[in-house]
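Please open the structure in your viewer and keep the sequence at hand.

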Amino acid sequence: MTPLNATIISTAWNCDDPRAMAAFYHQLTGWPVMAEEDTHAIVGTGDQMLVFAHQDGFQAPNWPADTLDFHLDFRVEDTEKTVAQLVQAGATKPDFQPGEGQWTVLLDPSGQPLCLSSAQAH
């Protein structure tokens, strides 16, 4: 079978507050907020987008106890500076930090884990 060579253009997930998620991921990526409603919000470039959909009764995974359906990894220039800025923007830093310093795990405003990796680590 010949590969189709499809390109991922967006990642979408549920949350309790799409506006807060858009503001947070705008802060992290620098991507503009493309849509912002009570029901959904989008940040992106048009070629790449993060889509946040409101879900009544949303419950984030209890990380690290729960198995994750997905998480995002981001490469950043300065992990410590980025962590400090994202905590001010609504992230929390859990005590459990796997990876022996290769990355830092944060929970975004909805409680979803994400990982930050320093550009120097690669």
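Which side chain meets that of aspartate 38 in a salt bridge? Select arginine 19: the two side chains form a salt bridge at 3.1 Å, N to O, the term denoting a side-chain nitrogen of Lys or Arg within 4 Å of a carboxyl oxygen of Asp or Glu. Aspartate 38 lies in the loop between E2 and E3, and arginine 19 belongs to helix H1 (residues 18–29), so that distant parts of the chain, 19 residues apart, are linked. A search of the whole structure finds 1 salt bridge.

The model is predicted: local features require pLDDT of at least 70, side-chain atom pairs count only at pLDDT 80 or more, and totals for chains, interfaces and linings use all residues. Residues are numbered from 1 along each chain as its sequence is written, and side-chain values use heavy atoms, without hydrogens and water.

Now colour by accessibility (buried under 20% relative accessible area, exposed over 50%, partly exposed in between; 1.4 Å probe, protein chains only). Aspartate 38 is exposed at 57%, whereas arginine 19 is partly exposed at 34%.

Next, select the strands (DSSP runs of E, at least two residues; helices are runs of H or I, at least four). An open sheet of 4 strands shows the order E1-E4-E3-E2 with mixed pairing, where pairing requires at least two DSSP bridges. Strands E1 (10–15) and E2 (33–36) stand at the edges; each has a single partner strand, so one side of each lacks a neighbour in the sheet.

Proceed to E3 (residues 40–44) and E4 (residues 49–54), which run antiparallel and are joined by 5 bridges. Here alanine 41 stands opposite phenylalanine 52 in E4. Finally, select E2 with E3: these pair in the antiparallel sense over 3 bridges, and a hairpin joins them through 3 residues. Alanine 35 stands opposite isoleucine 42 in E3.
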